[in-house]
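Please read the following note alongside the sequence and the model.

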Amino acid sequence: MANYYSDHPEIGFYLNHPLMARIVELKEKGFADAKEYDYAPVDLGDAIENYKQILDITGDVAANIIEPNSEAVDLEGPHLENGRMIYASKTYENLDATRKAGLWGVSMPRRYGGLNLPNAVFSMLSEMISAADAGFQNIWSLQSCIDTLYEFGSEEQRQKYIPRVCAGEGMSMDLTEPDAGSDLQRVMLKATYDAQENCWRLNGVKRFITNGDSDIHLVLARSEEGTKDGRGLSMFIYDKRQGGVNVRHIEHKLGIHGSPTCELTYKNAKAELCGSTRLGLIKYVMALMNGARLGIAAQSVGVEQEAYNEGLAYAKERQQFGDKIINFPAVYDMLSRMKAKLDAGRSLLYETACYVDIYKCLEDIARDRALTPEEKQECKKYQRLADAFTPLAKGMNSEYANQNAYDAISIHGGSGFIMEYKSQRLFRDARIFSIYEGTTQLQVVAAIRYITNGTMLNNIKEMYENTEVKESLQGLKNRIGVLIPAYEETLATVKALDNQDAQDFLARRLYDMTAELVMSLLILRDATKAPELFEKSANVYVRMTEESFLGKMSYIKLFKAEDLENFRAAEPTAEEA
C-alpha cells in the first residue's frame, strides 16, 4: 500500500537535521510532559520515534484517502448555499480522516489537546498532504493560524479556542480587501468597541479569503478612527458561532479548486481583540504571514515531488522511436533538473523550518522564565536567520513548483494537456503558489535587505567553511567556492550604482543568486550524509547554479542605470502621468 512518508525517504532524512536535537530539547522543556501524558516522549530518541509514527500515519492518509479523492474534489469544488460555503463532498471525507488520525492542532501544547510538534515536522506533514491535494492542504494547514493566537492571545482565549482547533475546527486569516491586496496598510474593515456588550463589532468586506467560512477567524481591522496606515490596525478573533459574517461569493479559480476562496461581508459581527490595539499589522500579521509563507514553501515542495513522480512514471512507460523516452537525453535532462530542484528546495525548507523552531521555542520558554544571556543570543541569532531565509524558501520553492509542473506536462507531451492526466491539475494548482501570501516579487523585497547589507554573504561564507563534504563532492564544493567572491563582487557592483530604481530592477537576480548558492551548499551537505538519496541531485544542482549564476553576474556587470529606460513598458500619456 502506498505511503507518502515511507515512499519518500528524503523526508525522514531531515529528522536527523543538525538542529533537531536542540529543537526537541527546547520544545519538550526537559520532557516534563511525560509525567502527565503517557504519549509524551521521555527523551530525544522517543520524540523522534513519535514523529516517525505521526509522519507514517499522515503518509497513509495522504496516499490512500486524500489523493484518491483529489480528482473528484477538483471537479466538484465548493459551492454557496444561503450565505454559507459548502465543501466538495469528498473534502468532508478528508476532514473526517484527518480528524480521526489526530492531525489537527498538532503544533499546540499537550495541555490544550495538541501534539506539541515542532514546525519542521508540521512542514513534513504539510508537504505530504499537499502532494496528495494542494487544495486540501490549504484547508488543513490553516490550523497554523492558532500559533498566532497562542503567541499573542490571552490565556482565556487559548483555553477557549485552541482545544477546538485540536478537535478539528478550521481557521482562516481574513486580511485582504477589495482595495487592500498586498498593501495591507489600506485595510478599512471597521472595528468599533461596543461598551454595552463589552466586545468589538466588525463591519465591512474581506476578499480572497482562503477557507473563508471557517470556524475561527483571525481578522485584520481598523480599530483607530481617523487613521489610514498600519498603525491604526488591530487583530481580532471572530467565532463563526456568534454569527454576523456571510459568504457573498466564492471565487472560480484556475486551480486548487478544493480550497474555497471567499468574499465575506461583516455586519456588526461580534469579535474579541487579540493582543493589543494598533499592533495588528505591525506585529501580529507579520508573524502570521511568516508562518503562512513557510507553509506555502512546504505546499510547493509537495507539488514539486508529485510533478516529478508523474513525469518520471510517464517517461518510464512511454515509448517512442523504439525506445522508452526516459532514455532520451532531452527527457532525462528535464527529470534530473526537476529532482535537483526538489531536493535542493526541500533542504532549504527544512533548514528554514529549523531556524524558526529554535527561536519560537525560546520565545515560548521566555513566557515562563527569563532567558539566560546565552539563550537570548541564540534566540536573536535564529530569528535573524529565519527572517532572512523564509522569503528565500517561499519564493524559490513556489517558483520550482511551477517549473516542475510545467516540465511534467512537457514530458507527457500532448497527453499532458488532456484533463484526464494529473499533470495538468498540478500545473493549475501550482500557479497560485508564487502569488498568494506575497508574490515572488514581494519575497525579493523581504529578502533584499539581508542580501545588500551583507547578512546573506556572511551566512554563505560561514556555511561554506562549515560544510564538510565527501571526497567525491569536493570538486563541486570548490566550484561553489569560486562563485562566492564573484557573488561578493556582483553585490558591490549593484550597490555602486547608487540608483534605487536600478537596484530594485536587479534585486531579483541577486535574490536568485543568493538562494542558489545557499541551496548548493545545503544539497552538498545532505549528499555527504546520504549519497544514495542526494549525490546525483548535488551534481546536477551545482551545475545548474553555475549556469544561472554566471549569466546573472554577466548581466549585472554590464548593466548601467540609464539602461532602465529600455525596459519601461511604455511611455505614460500626459493624463496617466
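1. A disulfide is a pair of cysteine sulfur atoms within 2.5 Å. The sulfur of Cys 354 lies 10 Å from the closest cysteine sulfur, that of Cys 361, which is too far for a bond. For Cys 199, the closest cysteine sulfur belongs to Cys 274 and is 16 Å away, again too far for a bond. The structure holds 0 disulfides.

2. On provenance, this is a predicted model, in which local features need pLDDT of at least 70 and side-chain atom pairs count only at pLDDT 80 or more, while totals for chains, interfaces and linings use all residues. Residues are numbered from 1 along each chain as its sequence is written, and side-chain values use heavy atoms, with hydrogens and water left out.

3. Are these two cysteines, Cys 354 and Cys 199, buried or exposed? Buried means under 20% relative accessible area, exposed over 50%, and partly exposed in between (1.4 Å probe, protein chains only). Cys 354 has a relative accessible area of 1% and is buried; Cys 199, at 6%, also counts as buried.

4. A nonpolar core is a set of buried Ala, Val, Leu, Ile, Met, Phe, Trp, Tyr and Cys residues joined through side-chain atoms within 4.5 Å. The largest such core has 156 residues, and among the members that touch the most others are Leu 202, Tyr 266 and Phe 389. Helix 10 supplies the largest share of this core, 18 residues. Helices (H or I, at least four residues) and strands (E, at least two) are DSSP runs, numbered from the N terminus. A second, separate core of 31 residues includes Tyr 112, Ile 146, Phe 152 and Leu 288.

5. With contact meaning heavy atoms within 4.5 Å, and residues up to four places away in sequence not counted, Tyr 266 touches residues including Asp 174, Leu 202, Lys 206, His 217 and Tyr 238.

6. Where does Gly 322 lie? Gly 322 is in the loop between strand 10 (319-320) and strand 11 (323-324). At 64% relative accessibility, Gly 322 counts as exposed. From C-alpha to C-alpha, Gly 322 and Asn 211 are 49 Å apart in space, and they are 111 residues apart in sequence.
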